[in-house]
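Here's a quick briefing to read with the model open beside you.

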Amino acid sequence: MDSSSTRRRATRAKLYEAAVTLIAEQGFSATTVDEIAERAGVAKGTVYYNFKSKTELFEELLRHGVGLLTASLRQAADEASERGGTTVEALDGMIRAGLVFIDRYPAFTQLYVAELWRTNRAWQSTLLVVRQEAVAVVEAVLREGVESGELSEEIDIPLTAAALVGMVLVAALDWQAFQRERSLDDVHGALSLLLHGRVSGRRD
């Protein structure tokens, strides 16, 4: 990768961070391009050089953030597979990876969950696409578990995958907002027990 590409990636990362923080603080409509540029420490023209509009910036922010989450989930699943782990162990690793991501990017996670409930946004179709990309990683692991006989054939794979992702998102946001005295290990441990009891049908 050449130096100009590296600089552009770094600039975009600054803009993403500035935008997600400001929008989380004061909402999309109230956040201006000037404020995003100032928070990122760049000129206003730099924002428009990288993105045609504030809407495009936010749309790309969604792609970027959910892309990072999806990559984290996929890596956790791959690592479990390389170790010869079970399907439930892969899902458990993905739960932890999701919690680590949310702990690192709480403002983005709050925005993402809030936007899931809105239906009148220009980026709604993009949000649905990137959401499905993340859920599809979990679906693939569940499908492998069913095909191997480890998980019941009665499992509704799409709904179960969405439920697992939703469980991690909601539990983590509650942890961030109301139970900060708990460690990541505490939260992971609680969700891990739920996973083993409700998905595998076993109690370890």
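Predicted model: local features only at pLDDT ≥ 70, side-chain atom pairs only at ≥ 80, totals over all residues.

Residues are numbered from 1 along each chain as its sequence is written, and side-chain values use heavy atoms, with hydrogens and water left out. The protein has nine helices and zero strands; helices (H or I, at least four residues) and strands (E, at least two) are DSSP runs, numbered from the N terminus.

**Overall picture**

- Reading from the N terminus, the elements go α-α-α-α-α-α-α-α-α.
- Along the principal axes, the C-alpha atoms fill a box of roughly 55 × 40 × 30 Å.
- Of the 204 residues in the protein, 41% are buried; that label means under 20% relative accessible area, with exposed being over 50% and partly exposed in between (1.4 Å probe, protein chains only).
- Among contacts with a separation of 6 or more, 66% come from residues 24 or more positions apart, where contact means heavy atoms within 4.5 Å.

- The unreviewed UniProt entry lists "domain: HTH tetR-type" for residues 9-69. UniProt positions are given in the numbering used here, feature names are shortened, and annotations may be inferred rather than shown by experiment.
- In the model, residues 9-69 are 80% helix and 0% strand, and the end C-alpha atoms of that span lie 18 Å apart.
- Residues 32-51 come out as 75% helix and 0% strand, with 14 Å between the end C-alpha atoms.

- Asp-34 is found in helix H2 (residues 33-40), and with a relative accessible area of 43% Asp-34 is partly exposed.
- Asp-34 and Lys-44 are 10 residues apart along the chain, and their C-alpha atoms are separated by 5.9 Å.
- Ala-43 has its place in the loop between H2 and helix H3 (44-50). Ala-43 counts as partly exposed too, at 48% relative accessibility.
- How many Å separate the C-alpha atoms of Ala-43 and Gly-85? The separation is 49 Å, for two residues 42 apart along the chain.

**H4 against H5**

- The axes of helix H4 (residues 54-82) and helix H5 (residues 87-104) come within 8 Å and cross at roughly 150°. Axes here are lines fitted to C-alpha atoms, for helices over the stretch in contact, and angles run from 0 to 180 degrees between N-to-C directions.
- H4 and H5 make a right-handed crossing. A crossing is left-handed if the near helix is turned anticlockwise from the far one by less than a right angle, and right-handed if clockwise.
- On the H4 side, the contact residues include Gly-65, Leu-68, Leu-69 and Ser-72; on the H5 side, Glu-89, Ala-90, Gly-93 and Met-94 are among them.
- The residues of this H4 and H5 contact split into 10 nonpolar, four polar and one charged. Ala, Val, Leu, Ile, Met, Phe, Trp, Tyr, Cys and Pro count as nonpolar, Asp, Glu, Lys and Arg as charged, and the others, Gly among them, as polar.

**H6 and its partners**

- Helix H6 (residues 106-116) and helix H7 (residues 124-148) have axes that come within 11 Å and cross at roughly 115°. That makes H6 roughly perpendicular to H7 (angles under 35 degrees count as roughly parallel, over 145 as roughly antiparallel, 65 to 115 as roughly perpendicular and the rest as oblique).
- H6 passes H7 in a left-handed crossing.
- Tyr-112, Glu-115 and Leu-116 of H6 meet Gln-124, Leu-127 and Arg-131 of H7. By class, that contact has three nonpolar, one polar and two charged residues.
- The axes of H6 and H8 also come within 11 Å, crossing at roughly 125°, so H6 is oblique to H8.
- H6 passes H8 in a left-handed crossing. Pro-106, Thr-109, Gln-110, Tyr-112 and Val-113 of H6 make the contact with Leu-169, Leu-173 and Gln-176 of H8.
- The contact of H6 with H8 has five nonpolar, three polar and no charged residues.

**Gln-176**

- Gln-176 lies in helix H8 (residues 157-178). Is Gln-176 buried or exposed? Gln-176 is buried, because its relative accessible area is 16%.
- Leaving aside neighbours within four places in sequence, Gln-176 is in contact with Ile-102, Asp-103 and Pro-106.
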